[in-house]
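Please keep the sequence and the structure in view while reading.

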Amino acid sequence: MLKVIELFAGVGAQRQGLKEANIDHEVVAISEIDKYAIKVYEKLHGNTPNLGDITKIERLPKADLWTYSFPCTDISLSGKMLGFDKGSNTQSSLLWEVQRLLEIAKINNELPKYLLMENVKNIVSKRFKSNFEEWISFLEELGYKNFYQILNSKDFNIPQNRQRVFMLSIRDDKAEYSFPSPIPLSLKLKDMLEDEVDKKYYLSEKMLQFLNDETNRNGFIRKKQFRPHNIDESDIAFTITTKAGSRPTDNFIEVFDFRYDEGIRGRVDNDLSPTITTKAGSKGLSGQPFIKVPQATKQGYAIAEIGDGIYTNRTESKRGVVQKESVPTIKTSPNDLAVVVD
Ligand SMILES: C[S@@+](CC[C@H](N)C(=O)[O-])C[C@H]1O[C@@H](n2cnc3c(N)ncnc32)[C@H](O)[C@@H]1O
């Protein structure tokens, strides 16, 4: 049986993975300090010895696999990117605590055979590659062969667009490993939703109004900045510039697109945000009710149908706010995400 230590355990996603892969294992200890994560961990996996703050751990019990999904806060593009230099005191530099514990394990002849890392894609970007390589060199010195790859959950039948770097280290210089091949996405976002969703999770009327506000689609709908010619009003083009099409006042002909006639007015409620309801009314070409969500594209909006995921914050200044039948990457506070429901 594989003895496992989950460092930075969170809610135990690594442990869940082992369960789902049917790998016979026992989690001998975890290290986690967040009281809410610990509560969820216990609920999902039962009581497990928690060694607490990793900086205070003197020595880990013997195990075959350590997982270390260390904080990405200072690496992620959505943070300040302070990095994870050794001794920098950033959250992400807690990685070097794993180094300290591995060095202790080495002295005690207890190095685990396997290590599993997970972190954001940005860790292999130009900016952080040297830190990452420093880490890999250290592992190589200890005798680990390292295999890493960027995986996206949507390539493994999870309707969430989430890219993460996974690195498996095996303490065997002849070790070989290849990452699993993608699995076609058959699950849809709506397959993941509960049948009954508490009212508190619906978006507020205010948010719904915002999502349906046609005055704020980068001017493309109500023509505040963009002045398309209406075929009925004028057949004379504006001055033709060298960069036609790049500015709001360039030459465009407005053609009525019947697909995008009246969007459905949805009912939405507040708080954690995951659901937007559509109600009967006009339907899109596919016969589905839909809402038009503002976004920073020429068109100024994207069509969201039932089962689609939406980024609800600052939609008018973002691109790709609607994801078909999936959700964008879920962050620790997912209050900017919504799902369109029937
Ligand atoms: C990226 S998350 C790990 C998520 C985890 N893989 C899961 O399944 O939920 C990083 C975790 O490190 C924990 N953490 C932060 N500082 C820590 C410390 N000093 N000691 C132990 N855990 C810490 C955080 O509370 C957080 O849960």
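**Threonine 48 and its surroundings**

Beyond the residues up to four places away in sequence, threonine 48 touches Arg15, Val27, Ile30 and Tyr41.

**The loop between helix 2 and strand 3**

- Threonine 48 sits in the loop that runs between helix 2 (35-45) and strand 3 (65-68), and the side chain of threonine 48 reaches the backbone oxygen of glycine 46 at 3.0 Å.
- Threonine 48 is classed as buried because its relative accessible area is 10%, which falls under the 20% cut-off.
- Leucine 51 is also placed in the loop between helix 2 and strand 3, but with a relative accessible area of 35% leucine 51 is partly exposed.
- Once neighbours within four places in sequence are left aside, leucine 51 is in contact with Ala29, Ile30, Ser31, Ile57, Leu60 and Pro61.
- The C-alpha atom of leucine 51 is separated by 8.9 Å from that of isoleucine 33, with the two residues 18 apart along the chain.

- Phenylalanine 8, although not a glycine, has a positive phi of about 50°, and its place is in the loop between strand 1 (2-7) and helix 1 (13-20).
- Asparagine 22, likewise not a glycine, has a positive phi of about 55°, and this residue is found in the loop between helix 1 and strand 2 (25-31).
- Which of the terms buried or exposed applies to phenylalanine 8? Phenylalanine 8 is buried, with a relative accessible area of 12%.
- Asparagine 22, by contrast, is exposed, because its relative accessible area of 71% is over the 50% cut-off.

**Asparagine 119 in strand 4**

- Asparagine 119 lies in strand 4, which covers residues 114-120, and with a relative accessible area of 2% asparagine 119 is buried.
- The side chain of asparagine 119 reaches the backbone oxygen of phenylalanine 70 at 2.9 Å.
- Leaving aside neighbours within four places in sequence, the contacts of asparagine 119 are with Phe70, Pro71, Cys72, Ile75, Arg164 and Val165.

**Serine 186**

- Serine 186 is found in the loop between strand 6 (163-170) and helix 5 (189-192), where, apart from its neighbours within four places in sequence, serine 186 is in contact with Asn157 and Asp191.
- Serine 186 and proline 159 are 27 residues apart along the chain, and their C-alpha atoms are separated by 8.5 Å.

**The ligand site**

- There are 19 residues around the ligand, and of these Val11, Ala13, Glu32, Asp53 and Ile54 come nearest.
- The residues of this shell divide into 9 nonpolar, 7 polar and 3 charged.
- A polar side-chain atom of glutamate 32 is placed 2.5 Å from an oxygen atom of the ligand, while a polar backbone atom of glycine 12 is 3.5 Å from an oxygen atom of the ligand.
- A nitrogen atom of the ligand lies 3.2 Å from a polar side-chain atom of serine 69.
- The ligand taken alone exposes 600 Å², of which the protein buries 81%.

**The chain as a whole**

- The chain has 6 helices and 15 strands, and of its 342 residues 45% are buried.
- Of the contacts in the chain between residues at least 6 apart in sequence, 62% join residues at least 24 apart.

**Confidence of the prediction**

- The pLDDT of the chain averages 80, and 75% of the residues score at least 70.
- Over residues 219-229 the pLDDT is below 50, and in the model this stretch has 32 contacts beyond near neighbours in sequence.
- Where does the pLDDT stay under 50 with 139 contacts beyond four places in sequence in the model? Residues 231-285 are the stretch concerned.
- Where pLDDT is low, the predicted coordinates should not be read in detail.

Technical notes: Residues numbered from 1 in each chain as written. Heavy atoms only, no water. Near = heavy atom within 4 Å. Polar contact = N/O pair within 3.5 Å; in protein donor to acceptor, adjacent residues only side chain to side chain. Areas by Shrake-Rupley, 256 points an atom, 1.4 Å probe, with all protein chains shown as cover. Nonpolar A, V, L, I, M, F, W, Y, C, P; charged D, E, K, R; others polar. Helix = DSSP H or I, 4+ residues; strand = E, 2+ residues; numbered from the N terminus. Buried < 20%, exposed > 50% of the residue type's maximum accessible area, 1.4 Å probe, protein only. Contact = heavy atoms within 4.5 Å. pLDDT = per-residue confidence, 0-100.
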